There are 2 protein chains.
Amino acid sequence: MDKRQLLLDAALKLFVEYGFHGTPTSLIAKEAGVANGTLFHYFKTKDELIVALYVDIKSRMGKYVFENAKGQPTFKETVKEQYLASLYWALDNQLQFRFTEQFKNSPYLARIAPQEIEASLKPFHDMLHKGIKDKIIKPHPVDMLFTLISNQTFGINQYLISNNFSKAKQHQVITDSFEMLWAMIT
Amino acid sequence: MDKRQLLLDAALKLFVEYGFHGTPTSLIAKEAGVANGTLFHYFKTKDELIVALYVDIKSRMGKYVFENAKGQPTFKETVKEQYLASLYWALDNQLQFRFTEQFKNSPYLARIAPQEIEASLKPFHDMLHKGIKDKIIKPHPVDMLFTLISNQTFGINQYLISNNFSKAKQHQVITDSFEMLWAMIT
DNA sequence: CTTACGACTGACTAAACAGTCGGCAAATAT
DNA sequence: ATATTTGCCGACTGTTTAGTCAGTCGTAAG
């Protein structure tokens, strides 16, 4: 039993339910089934725990999306697989997804170094650049394109969560919305 | 001097900077230049202040967008004016915009009655319905379309804020991105 | 067997917090 | 002129909080 992981799991669940500051460290420790002091053994402060949780989740998600999308024959299929993988990950990890959205819209985001954010975005930016160079995608600024794509992903996820669709219907919404996205950027 | 308004203004500024729970009521009162107790004279609890601030901002924004977009000759121009008005409002009221985003991704959103949300969305849904009936917009579910449009608005706003463009360039990004949006939904 | 180590504990504390309350001064009603 | 209400004040309090610390206990090396 990895108590550090138990603490991260408990914190995730409680943060999503009550918010960062609505969740006392004592409650996190209790939910994780460890002593109060153990939390501060693994994380020097509560803020460090929050940031560590975000970094942990982001790296897992990024890994998942890239693993799933590599080795596609065409450019369009690569982009499509990334889009699908993002959405399926978000559907299977709703707590994680909601946490990152909460984090991104909070003052805590400032704790993540801009260069770190940039580095995690680089693979996507490079890919979009290639698409423009090969004249598949319209020549818009890549960070604008990336913002549009990730916000569409977020929007469709919201839509899927608030409606309780079957697996088949979910898949249809996802592929339909990808075609809309593709129509927008090409 | 409307002390209630002073409190709302101070709260807005501090919430965006430090988050809801990172901002003590004592600090809000101090920033507003009123006594501690005055805050609780106008708002029974801190939570009530937070929710009141959200409702206040939302109604102002909705009013602004609709005032600006009425009386357009064509359907496309009506949609376009709403899109432009949303973005210009967000640019001119960045604190307000960031606050609403923080609020929407927090557990406080649950305090707003679903019917209240639905009512505020109705005009937009009706408009989209009309667009579909007149075969201008592709027949997708209206709430999906609405989600895509509002997330695109949010995304472009993010993009505009993080890059420091001139007024002219800003306008170009906004109109360009509207054409992309229009290509997606028609 | 003895010693050392580090993960882990939970009672504890100092500070911070949301919310209270008795009262005051000015406006309004009688 | 007097009474009543209203808007506002700020010192105060009971509670909650993040974070501390002295010490326990299992393990493993000497």
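**Overview. Salt bridges in the predicted model.** Over all chains, the structure holds 14 salt bridges, and the model in which they are found is a predicted one. The views that follow begin with the place where chain A and chain B meet and then turn to individual pairs of side chains.

**View 1. The interface between chain A and chain B.** In this view, 32 residues of chain A are in contact with 32 residues of chain B, and the area buried between the two chains is about 2500 Å², with carbon and sulfur atoms giving 68% of that area. On the side of chain A, the residues that lose the most area to chain B are N105(A), Y159(A) and M180(A), which together account for 26% of what that side buries.

**View 2. Polar pairs and helices at the interface.** Across the interface of chain A and chain B the rule finds zero salt bridges, while the count of residue pairs in polar contact between these chains is two, with both at pLDDT 80 or more. The elements giving two or more residues to the side of chain A that touches chain B are helix 1 (3–18), helix 6 (94–104), helix 8 (142–162) and helix 9 (167–185) of chain A. Of these, helix 8 of chain A gives the most, with twelve residues, and the residues of this side as a whole divide into 16 nonpolar, 13 polar and three charged.

**View 3. The salt bridge of D126(A) and K122(A).** The side chains of D126(A) and K122(A) meet with a distance of 3.0 Å from N to O, and both residues lie in helix 7 (residues 114–133) of chain A, where they are four residues apart, about one turn of the helix. D126(A) counts as partly exposed because its relative accessibility is 39%, and K122(A), at 48% relative accessibility, also counts as partly exposed.

**View 4. The salt bridge of K13(B) and E31(B).** Here the side chains of K13(B) and E31(B) meet at 3.0 Å, N to O, in a pair that links distant parts of the chain, with K13(B) in helix 1 (residues 3–18) and E31(B) in helix 2 (residues 25–32) of chain B, 18 residues apart. K13(B) has 37% relative accessibility and therefore counts as partly exposed, and E31(B) is partly exposed with a relative accessible area of 39%.

**View 5. The salt bridge of R60(B) and D56(B).** The closest N and O atoms of R60(B) and D56(B) are 3.2 Å apart, and both residues lie in helix 4 (residues 46–69) of chain B, four residues apart, about one turn of the helix. With a relative accessibility of 45%, R60(B) counts as partly exposed.

Technical notes: Residues are numbered from 1 along each chain as its sequence is written. Chains are lettered from A and ligands numbered from 1 in the order in which they are written. This is a predicted model: local features need pLDDT of at least 70, side-chain atom pairs count only at pLDDT 80 or more; totals for chains, interfaces and linings use all residues. Side-chain values use heavy atoms; hydrogens and water are left out. Contact means heavy atoms within 4.5 Å. Buried area is the accessible area (1.4 Å probe) that two parts lose on being put together, summed over both. A salt bridge is a side-chain nitrogen of Lys or Arg within 4 Å of a carboxyl oxygen of Asp or Glu. A polar contact is a pair of N or O atoms within 3.5 Å; within protein, one must be able to donate a hydrogen and the other to accept it, and residues adjacent in sequence count only if both atoms are side-chain atoms. Ala, Val, Leu, Ile, Met, Phe, Trp, Tyr, Cys and Pro count as nonpolar, Asp, Glu, Lys and Arg as charged, and the others, Gly among them, as polar. Buried means under 20% relative accessible area, exposed over 50%, partly exposed in between (1.4 Å probe, protein chains only).
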